[in-house]
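Have a look at the model first, then read on.

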Amino acid sequence: MTGTMQKKLHKHFYLNKQILLLLVISFSLSAWPFTSCSTNKKNENPYSVLHSSSTLDSLNSARKVNCKQTRGYYDVIIVGAGLSGLTAAKELRHLGRKVLVLEAKNRIGGRGYVKYIKLPGEKKLTPIDLGGSWIHGIPTNPLTSLVDAMGFERVRSELDGGYFIGNQRADKQAIQKFDTATSLLEDAMTIAAAREKAEQALINALCAKAYSEEGNIRQPTETCSIAKQQIRLTSDLPSDYLPKDPKYKAILPLIKGNLGPLENGAEFNETSVVDTVEFATGEDDLITDGMGNFVKRFGENQPVCLNSPVTEIDYNKAGIKVHVKNGTIYEARYALITVSTGVLNKGLIKFDPELPEWKKQAFQSLPMGHFQKIFIPLKFDIFPNEKNNAWILYKGPLLPEEINLAKKYNLPINDQQGQVMAFLVKPLGKPLVIAFFGGDRAKIFERECLNKSFDSGLILPCDRIAVNTAKHALETMYNTNKVNVAESIDNKTIYITHWSLDPYSLGSYSVSKPGQWIMHEQLARPIGIGKNGEGSKRLFFAGEATAKPIYNGSFAGAYESGLQAARDINQEVDNSKW
């Protein structure tokens with residue numbers, strides 16, 4: 001999760017949802033990115049693109065890892081050197097296990113990725129997070145103490161920055177209406193989420209009983225199916241909980257755009273109520289040196305083979321074999337897969353035997369959301385009345401070129417007057433503004449650069465519509481007799497992200513479809529060598545998509561899932577007869 005959701009929607013969730021949960025349960029039970037651009041050939045597996053062998057040798061040598069050691073050595077091979085894979089590697093090594101991490105990119109960090117930008121008036125280069133930027137819910141986030149202990153400085157975001165409808169800034173009365181509408185929505189969703197969780201708990205209990213009882217009249221699978229049909233009655237569609245009073249009608253597009261695309265990276269009704277409610281927010285902090293640098297430093301000195309995209313994983317009683325694009329085959333007792341659900345859904349890694357259907361169902365139910373950032377340097381301050389790190393929403397009409405682009409990709413245009421985006425103003429006090437697009441809008445903007453570049457970096461000609469849209473919104477909001485937005489923009493150093501085109505992520509972070517929030521746990525379940533994935537475990541899974549909804553799509557989820565997977569693997573090693 002990006003950490004960019006306006007706290008008007010979430011700031012009360014954490015305070016009251018536990019009380020509501022207890023009340024409702026009783027009622028329910030009674031009732032990115034590379035250093036150079038690359039063009040992928042048609043029909044080529046983009047997950048298997050390699051970089052120069054000189055880069056591979058120098059970087060791997062610096063890590064003191066022998067990537068030519070392929071067999072008779074490893075307890076665990078970890079696929080992916082994002083925060084989850086790096087966390088698992090550190091923990092497993094701490095527990096005395098022999099580990100190798102295979103990373104497709106020419107760097108570690110995954111979706112934690114920093115580049116450096118020259119900003120007007122700044123003597124030093126400024127780090128910018130092309131990937132995730134925030135630490136969410138500071139009091140409950142496990143990364144807070146890690147970041148502090150490693151010497152990084154945290155800065156609080158100002159997520160109550162207000163909003164614009166066209167060139168009109170919301171006044172106190174309009175903001176009060178926004179507050180009231182979002183409070184009604186958050187309360188209704190909190191109650192619905194608690195009901196859903198209670199219903200699912202009852203289903204789980206009935207299914208467990210069915211499988212444990214001998215001589216059951218019905219097959220356990222049939223019992224579970226009937227239970228789901230008769231007990232799961234509460235809707236997981238966010239639209240079912242929007243306030244119905246006509247006086248809120250004008251403000252609903254802003255709320256929907258913020259909650260859907262700008263938080264979850266998917267359209268409003270393509271997201272889960274439970275995941276939205278469970279996500280722990282509160283205070284959200286930026287890191288002055290960038291989250292990407294935190295992840296990079298956290299993963300230093302781990303045994304990572306870079307530029308080693310995995311193409312196939314074989315698993316059986318004898319262990320596992322991991323095939324890399326260059327033909328190398330690594331052998332180990334276990335494998336931990338930490339790649340994105342985008343990579344899994346596209347089948348870029350083959351498994352032999354094929355993954356069981358329940359595992360496929362899990363990652364298919366947790367597709368990648370789409371989120372795009374545009375970093376716009378400013379020659380002078382166009383926001384004299386805005387606070388540093390302020391999150392500001394904007395709702396305005398689509399530009400003609402946006403309408404044509406939507407038609408090109410067969411996207412419905414439901415509300416031409418109500419398209420929502422956001423800006424982070426003067427992050428960390430720098431002469432910079434970051435524009436944010438989410439959901440379908442981000443996807444089609446990035447899609448314009450398909451087969452041109454999948455890198456995140458300086459803008460390209462194919463980014464024209466996205467950049468023009470962001471500039472137009474800024475001009476609409478802030479042009480005055482004293483301020484000329486166009487003259488303030490340093491067009492030579494605008495950076496942009498293309499995460500949906502990155503073949504090693506194919507999106508920004510996972511999002512659960514309505515009703516599919518239970519799939520996080522299913523995605524995390526290990527796979528054994530027996531029928532339907534039972535028996536002695538060989539494949540383990542981690543990553544933000546496998547995490548608890550409280551850390552939905554965030555670095556904290558990646559971290560905790562990697563830690564849990566490492567401990568599960570260690571226990572499996574202890575219990576095995578090898």
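Of the 578 residues in the protein chain, 59% are buried; here buried means under 20% relative accessible area, exposed means over 50%, and partly exposed falls in between (1.4 Å probe, protein chains only). Keep in mind that this is a predicted model, where local features need pLDDT of at least 70 and side-chain atom pairs count only at pLDDT 80 or more, while totals for chains, interfaces and linings use all residues. Residues are numbered from 1 along each chain as its sequence is written, and side-chain values use heavy atoms, with hydrogens and water left out.

The chain holds 18 helices and 24 strands, taken as DSSP runs (H or I of at least four residues for helices, E of at least two for strands) and numbered from the N terminus.

**Empty spaces**

Rolling a probe the size of a water molecule over the atoms shows where empty space is left. On a 1 Å grid over the protein atoms alone, a cavity is a set of points where a 1.4 Å probe fits but cannot get out, whereas a pocket is an open set with protein on both sides within 12 Å along at least five of seven lines; lining residues have an atom within 4 Å of a point. Grid points are joined across faces, edges and corners, and a volume is the space filled by probe spheres set on the points. For the linings, Ala, Val, Leu, Ile, Met, Phe, Trp, Tyr, Cys and Pro count as nonpolar, Asp, Glu, Lys and Arg as charged, and the others, Gly among them, as polar.

| Space | Volume | Lining make-up |
|---|---|---|
| Largest pocket | about 1,300 Å³ | 18 nonpolar, ten polar and ten charged residues |
| Second largest cavity | about 180 Å³ | twelve nonpolar, four polar and three charged residues |

The largest pocket has 38 lining residues, and Ile 518, Met 519, Glu 521, Gln 522 and Arg 525 lie nearest its centre. Elements giving two or more residues to this lining include α6 (172-212), α17 (519-524) and α18 (555-575). With seven residues, α18 supplies the largest share.

As for the second largest cavity, 19 residues line it, with Pro 127, Asp 129, Pro 427, Leu 428 and Ile 434 nearest its centre. At least two lining residues come from each of β4 (126-129), β9 and β19 (432-438), and the largest share, four residues, belongs to β4.

**Sheets**

Strands of a sheet pair through backbone hydrogen bonds, either parallel or antiparallel. Two strands are called a pair here if DSSP finds at least two bridges between them.

Strand β7 (residues 163-165) runs antiparallel to β8 over two bridges, and Ile 165 has Gln 168 in β8 as its bridge partner.

Another open sheet has three strands, ordered β5-β9-β6, with antiparallel pairing. Here β5 (134-135) and β6 (154-156) are at the edges with a single partner strand each, so one side of each has no neighbour in the sheet. Two antiparallel bridges join β5 to β9 (residues 285-287); in β9, Asp 285 is the bridge partner of Ile 135.

**A tucked-in helix**

How many of the twelve residues of α4 are buried? Nine of them are, so α4 is largely enclosed by the rest of the structure. Among the buried ones are Leu 83, Gly 85 and Leu 92. Just after α4, Gly 96 takes a positive phi of about 90°.

The peptide bond from Asp 352 to Pro 353 is cis, with omega near 0°. Pro 353 sits in the loop between β14 (350-352) and α12.

Asn 410 has a phi near 55°, a positive value in a residue other than glycine. You'll find Asn 410 in the loop between α13 (400-408) and β18 (419-425), and Asn 410 is exposed, with a relative accessible area of 70%. Asn 532 has a positive phi too, near 60°. Asn 532 lies in the loop between β23 (527-528) and β24 and is partly exposed, at a relative accessible area of 45%.
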